[in-house]
Amino acid sequence: MGREPAVPQGAVVAENGQPRRRTAFRPDIEGLRGVAVLSVLAFHSAVPGLTGGFVGVDVFFVVSGFLITGLLVGRPLGLWDFAARRARRILPAAATVLVATAVAGGALLDPLRGTDLARDLIASAGQFANWRFVGEQTDYLAAERDPSPLQHFWSLGVENQFYLLWGVLLLGLARYLHGRRRTLAITLATVAVGGVSLALCLRWTATSAPLAYFSTGSRLWEFAAGACAALAGPALAARAERRPVVRTLRVLGWLGLAAVLTPVFLYDRNTPFPGTAALLPVLGTAAVLLAGHGTPGAADAGRLLATRPLRAAGRLSYAWYLWHWPVLTIAQARYGPLPWTTLLALTAAAALPAWLTLRLVEQPLRYGSSPAPRRGLAVGASALVIPLIAALTLGGGTVRALGDPSAGPVAAPAGAADGPSLLAPGARVLTLTPSLARAREDFPPGKGCEIPLNADSSPRCLFGAEDSPDRIVLLGDSHAGQWISAGLALAEQRHWALEVLVKPGCPLATLTVRNNVLGRTFDECDRWRENTLTRLTSGPKPRLVLMAGLNRYGSQEERAEGWTRTLDRLTALGAPLAYLGDTPMPGKDIPTCLAASDGRSDACFFPRDTAFEPDPVLDGGLAARYGVRTLDLGPLLCPGAGPSCPAVLEGVVLYRDTGHITDTLARVLAPRLDKGLLGTAGAPGAPAGSAAPTGSTAPTGPTG
């Protein structure tokens with residue numbers, strides 16, 4: 001989203017095929033930038049009615065493709081000269097914001113958020129933030145974390161990667177081709193790159209929304225659209241005095257501006273994007289840019305865009321975009337969710353540091369430094385190194401505050417098999433277990449068993465006595481996967497195998513859901529469920545099918561109907577069925593909350609009334625109807641009858657994120673699962689019809 005001068009400067013080719021320079025200033029482009037940045041700022045401030053303001057980023061991409069293509073085609077530049085110009089114009093302002101964010105984050109954020117911020121600083125300074133956020137957002141578990149103060153740097157990473165590609169491509173063609181052959185080659189390359197990128201965009205929007213949104217490959221077509229407008233400009237400019245052309249361009253400008261503004265009001269977070277939805281703002285922006293080649297009239301859209309307020313916002317757009325998001329996210333991390341009026345006020349206040357950055361950093365380094373490429377490259381190198389130093393300093397401080405996260409895991413304390421206490425008699429925890437440095441990474445073994453969102457079948461995933469004909473099958477979503485260690489303890493005591501069949505975000509109950517990470521209906525979930533149930537009927541009969549999952553998919557009625565259909569299928573297996581009630585849902589990142597509270601075990605309570613949902617298996621009579629053994633750990637993890645549930649119980653950190661339990665807790669609870677689901681019949685807390693002791697034959701089916 002680097003700011004370029006609002007001068008087309010390119011794709012201006014005379015009749016003889018030789019390039020010439022066009023220097024007419026385009027105030028409409030500066031105003032178009034103003035429209036783009038105001039749309040993004042309104043969206044991030046949650047202004048009612050402007051729910052599609054995120055399309056402003058697409059407008060920036062098209063404008064950048066237009067201007068950079070004009071610059072590269074219309075001027076004889078060397079690659080180093082081009083790189084130096086980009087470095088002077090983009091990197092100093094970005095480095096200023098990165099360093100300021102590092103300082104503010106170190107002072108105002110808790111150590112865990114500071115650790116995340118340090119990693120984001122490195123990615124942002126290195127111009128690959130978009131790929132870091134692809135990895136973060138496609139990770140089902142990481143996607144639950146609060147947004148990074150530097151998440152908006154993804155667009156800067158995409159833009160700089162485009163500059164690198166386009167500079168090498170166009171300057172390379174210009175070096176070896178001349179005249180019309182060069183123009184034809186550049187046009188064909190632009191169309192080819194744009195076509196491939198658009199195909200990737202459409203495919204990835206349907207299969208992985210984060211990859212489609214953040215990746216360079218799915219965004220290049222937007223820059224290519226601007227490049228095509230720049231390449232078509234000379235032909236229009238040569239005919240701009242003809243009355244029919246002027247009228248056509250005038251209509252084109254108004255239609256383009258309408259296409260840019262309409263999505264701002266009609267799109268929202270549920271719009272599959274970019275995909276086909278991005279065509280409207282992208283083609284609209286290209287139309288506005290093309291219309292600017294006509295003779296401006298009183299009713300032209302360009303005249304509206306060239307008004308002083310929009311041009312002022314456009315001049316400030318780059319710095320304002322960089323500053324506003326860290327201000328908003330750090331404020332909300334510090335004070336909690338804020339109303340849109342407060343967010344809008346904070347966004348407006350961010351204009352002050354943006355203006356100072358423009359006057360004291362952007363303009364002096366852009367216009368006052370030596371034009372020699374080595375000076376520009378030196379400025380760019382400094383703008384990369386200084387934020388990296390800030391990131392390392394911040395990361396070192398968080399390690400000192402939290403301890404080394406690479407230290408080995410602490411052995412889980414012994415858990416009670418029953419009763420109101422979490423720990424066994426005599427077991428004590430002297431410090432928080434797991435430590436806050438490790439809590440977020442306290443995953444169960446075999447994380448690869450939780451297959452990617454776009455997969456529709458599970459691999460062979462066995463633990464314990466893998467060659468044993470007897471096995472426990474753990475079945476469900478990531479809330480089932482959190483019990484792998486406990487299930488493994490049950491299997492190992494009996495010399496059985498544990499088979500893990502889990503898919504994140506996919507309910508075992510037969511109902512179709514929407515996946516927010518994919519940005520669409522979760523069709524892979526339906527196929528995975530069908531494939532998994534079929535797989536169970538074709539294999540040897542399990543000794544126990546252990547079901548668990550998030551109890552928040554669909555409505556209560558839909559969950560009950562979905563579980564009925566699934567239990568009909570599972571009962572036909574003839575194997576014992578057991579069900580673990582869902583664990584309480586904190587709804588907030590517990591390790592981060594505890595870090596912000598200096599690790600106080602009495603901090604980070606969350607409301608009981610939002611921690612649980614009615615469960616059709618436990619409360620709706622389905623367990624009795626189908627003879628399913630059940631174990632509800634909710635009363636243990638949220639004891640008493642008060643309004644709140646704890647995040648720490650007897651020194652054990654219960655949750656590793658906003659809703660999954662730590663693996664330490666799963667290991668602590670293993671004896672309770674053993675007795676509650678496979679213990680001796682008649683033991684306290686054991687359901688009727690439970691399994692026989694270790695080494696004997698398992699029952700043919702449950703009776704209660």
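Entry 1: I began with Gln-127, which counts as buried at 15% relative accessibility (buried means under 20% relative accessible area, exposed over 50%, partly exposed in between, with a 1.4 Å probe and protein chains only). Gln-127 sits in the loop between helix H4 (111-125) and helix H5 (129-138); helices (H or I, at least four residues) and strands (E, at least two) are DSSP runs, numbered from the N terminus. Its phi is positive, about 65°, although Gln-127 is not a glycine. I noted this one because most residues other than glycine have a negative phi, and most peptide bonds are trans.

Before going on, I wrote down that this is a predicted model, where local features need pLDDT of at least 70, side-chain atom pairs count only at pLDDT 80 or more, and totals for chains, interfaces and linings use all residues. Residues are numbered from 1 along each chain as its sequence is written, and side-chain values use heavy atoms, with hydrogens and water left out.

Glu-650 also has a positive phi, near 55°. I found Glu-650 in the loop between strand E11 (648-649) and strand E12 (652-653), and at 37% relative accessibility it is partly exposed.

Next I looked up cis peptide bonds. One joins Phe-273 and Pro-274, with omega about 10°, and Pro-274 lies in the loop between helix H10 (243-266) and helix H11 (279-291). Another runs from Thr-433 to Pro-434, with omega near -5°; Pro-434 is in the loop between helix H16 (373-402) and helix H17 (436-439).

**Entry 2: strand E7 and its partners.** Which residues of strand E7 (residues 577-580) are buried on each side? I found Leu-577 and Tyr-579 buried on one side, and Ala-578 and Leu-580 on the other. E7 runs parallel to strand E6 (residues 544-548), joined by three bridges (two strands pair if DSSP finds at least two bridges between them). Val-545 is opposite Leu-577 in E7. Three bridges also join E7 to strand E9 (residues 629-631), again in parallel, and there Leu-580 has Leu-631 as its bridge partner.

I also saw that E6, helix H21 (residues 556-571) and E7 form a right-handed β-α-β unit: with the strands pointing away from the viewer, the path from the first strand over the helix to the second runs clockwise.

Entry 3: Trp-483 is in the loop between helix H18 (478-481) and helix H19 (484-493), and it is buried at 1% relative accessibility. What does Trp-483 touch, leaving out residues up to four places away in sequence? Its contacts (heavy atoms within 4.5 Å) include Ala-548, Leu-580, Leu-633 and Ile-661. Trp-483 and Leu-580 are 97 residues apart along the chain, yet their C-alpha atoms are separated by 9.4 Å.

Tyr-626 belongs to helix H24 (residues 622-626) and is buried, with a relative accessible area of 14%. Leaving out residues up to four places away in sequence, Tyr-626 touches Thr-564, Leu-567, Asp-568 and Thr-571. Tyr-626 and Leu-567 are 59 residues apart in sequence and 7.2 Å apart, C-alpha to C-alpha.

**Entry 4: the whole chain.** I ended with the totals: 27 helices and 12 strands, with buried residues making up 57% of the 704 residues. Among contacts between residues at least 6 apart in sequence, 79% join residues at least 24 apart.
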